[in-house]
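Entries follow in the order I looked things up.

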Amino acid sequence: MTSIGWSGLAISLLLVLVATVISLWKQLGLERSIAWAAVRAAVQLFAIGLLLQVLLRPGVSILWAWLWVAVMVMIASLTVRQRAPEVPGLFPLALVAFGSSAVLTLGVLFGLGVFELNVRTLIPLAGLMIGNSLAATVLVGRRLVEELRDKRDEVEARLALGQPSHIAAKPYVRGALRTALIPQIETTKAVGLVVLPGAMTGLILAGVSPLNAVLVQAAVMYLVLGSVATTTTVITLGVQRRLFTRDHRLLLVSAESSGR
Amino acid sequence: MIQPTQHRFIFDNVTLRGRGRLRLDEACGSIPSSGITVLVGPSGSGKSTLLRCCNRLEVPSAGRVLFSGNDVAALDPLKLRRRVGMVFQRPTPFPGTVRENLQVAEPSITDVTATSTLAQVGLNPEFLDRVATDLSGGEAQRVCLARTLVTNPEVVLMDEVTSSVDSAQRFGLEALARSLSSSGVGVVWVTHDLVQMRRVADHVLVVVNGRIAHQGPVSEVDTEAPESVRAFLSGETPQESS
């Protein structure tokens, strides 16, 4: 098992110094941000590490791990809302999106026996699922609102032909979903070609055989792909319902609207 | 007393609040069943808002709009919009060919019907395979009108449809409106162009500050309208901006 110790961590801070020096040299003005990011990362990781130490003790109930997953879903949903304030009702939508994705993806992985369900597998896999879906969830919500706002005339022309709102919105929902999904598809296609992904790297460093590490990594990539597809779909369905009335009118979405 | 069947639309104290202001203020009036009715008024007066209440793209905060004697609020909005078509100020061709644009309105439309609809708006059959978004403004607006006519509407709402086309296309679209009206399709035309109003209208509704300040035949507008309206229509009063 690979262990770097505190001295190893201290030495790795040299790389933060490299980033700081580059910022100073190129006058980027990011030295404070770099330092703060490094400090925050260390503090947050240590906090998580301490919690995980407690949770991974023998005999600890898996309910605590499920609680952890629920907290992750909550924080992710708040983060999504913060990053896309112009999308109406995004917090509850994100809760539903991440929750549905968790049920579906973790249901497949644990329910069908791909992984054994325990604290050691649940928390990391749930974290990978939620963390990797965050960006796509924000992107799809913002993209759909932008499309419906910028192409309002076109949308209303469809409504004026007697199309119901879910049909009128279809081309724009499709566009937003494609925009959100294509990056993850491309990442999945390129995995292993350019860089060894994180889960596989961590497992190899921990002494797991490369072949087993690869199998786990592939399963993780599929988990993320399925999760991104689920969360983005739930978000677009929810946003679409919020932006149209029951009598098939498009509500005004201003650039400044927070939708709260 | 206004007989509902003599009028295509009746506006009964229509009020609409939105965007922090009163956009329609107890608007009362009617649009006759025949001829071309022009809604005219300064920019921001509520003409387009009133028009959009006719096909329920906007819903009044108070009052009601009657279409052929029926409250628009009680009608199925999707069926209403098939009967009350609309062409917008900015041409809105959908991605794809002209044929595909017409298919949005009627998925099972045949080429025979599509061709005759294009002929109705002055476009030849070759346009069916042209990419709609590559067309000129005037051609695209004609495609939008053809798309609307595919649903066999009883009336077409035309919201400043000539404002983004050149003068040659403008007269062409006005002639199309006249032709539609002659064939029995009602036309409600919105404009802020007073000269165009006189060319196009059989009847006029003058909309000022969210109210219908005058309505009647265009031939009587210079004699029967209130002085303030006559001043506006003669161009003496500066047009307000929204």
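Predicted model: local features only at pLDDT ≥ 70, side-chain atom pairs only at ≥ 80, totals over all residues.

**Where the chains meet**

I started at the contact between chains: 18 residues of chain B are in contact with 13 residues of chain A, where contact means that C-beta atoms, placed from the backbone, lie within 7 Å. On the side of chain B that touches chain A, helix 2 (77–83), strand 6 (84–87), helix 3 (98–105) and helix 5 (137–149) of chain B each supply at least two residues. Helix 2 of chain B gives the largest share, four residues. I sorted that side of chain B by residue type and got nine nonpolar, four polar and five charged. For the sorting, Ala, Val, Leu, Ile, Met, Phe, Trp, Tyr, Cys and Pro are nonpolar, Asp, Glu, Lys and Arg are charged, and the others, Gly among them, are polar. Helices (H or I, at least four residues) and strands (E, at least two) are DSSP runs, numbered from the N terminus.

Residues are numbered from 1 along each chain as its sequence is written, and chains are lettered from A and ligands numbered from 1 in the order in which they are written.

**Chain B overall**

I went through the secondary structure of chain B and found nine helices and ten strands. The radius of gyration of chain B is 18 Å, close to the 18 Å that the globule rule gives for 242 residues, so chain B is as compact as a globular protein of that length. That radius is taken over C-alpha atoms, and the rule is 2.2 Å times the number of residues to the power 0.38. Along the principal axes, the C-alpha atoms of chain B fill a box of roughly 50 × 40 × 35 Å. Of the 242 residues in chain B, 46% are buried; a residue is buried with 20 or more other C-beta atoms within 10 Å of its own, exposed with 12 or fewer, and partly exposed in between, with C-beta atoms placed from the backbone. I also checked contacts in chain B between residues at least 6 apart in sequence, and 69% of them join residues at least 24 apart.

**The open sheet**

Next I looked at an open sheet of four strands in chain B, in the order 2-1-4-5 with antiparallel pairing. Pairing takes at least two DSSP bridges between two strands. Strand 2 and strand 5 (70–71) of chain B are the edges, each pairing on one side only. Strand 1 (residues 7–18) and strand 2 (residues 21–32) of chain B run antiparallel and are joined by eight bridges. I noted two bridge partners: B:Arg17 goes with B:Leu22, and B:Gly18 goes with B:Arg21. The two strands form a hairpin with two residues between them, and B:Arg19 in the turn has a positive phi of about 55°.

Is B:Cys28 buried, exposed or partly exposed? B:Cys28 is partly exposed because 14 other C-beta atoms lie within 10 Å. Not counting residues up to four places away in sequence, B:Cys28 touches B:Phe11, B:Asp12, B:Asn13 and B:Ile212.

B:Glu160 has a positive phi of about 50° although it is not a glycine. I found B:Glu160 in the loop between strand 7 (155–159) and helix 6 (167–182) of chain B, and B:Glu160 is buried, with 21 other C-beta atoms within 10 Å.

In chain A, A:Gln27 has a positive phi near 55°. A:Gln27 is in the loop between helix 1 (5–25) and helix 2 (31–55) of chain A and counts as exposed, with 7 C-beta neighbours inside 10 Å.

**The core**

Last, I looked up the largest nonpolar core, which has 124 residues. Such a core is a set of buried Ala, Val, Leu, Ile, Met, Phe, Trp, Tyr and Cys residues joined through C-beta atoms within 7 Å. B:Met158 and B:Val188 have the most contacts inside this core. Helix 5 (residues 119–150) of chain A supplies its largest share, 14 residues. I listed what B:Val188 touches beyond four places in sequence, and the partners include B:Ile31, B:Leu51, B:Val155 and B:Met158.

Methods:
Contact = placed C-beta atoms within 7 Å.
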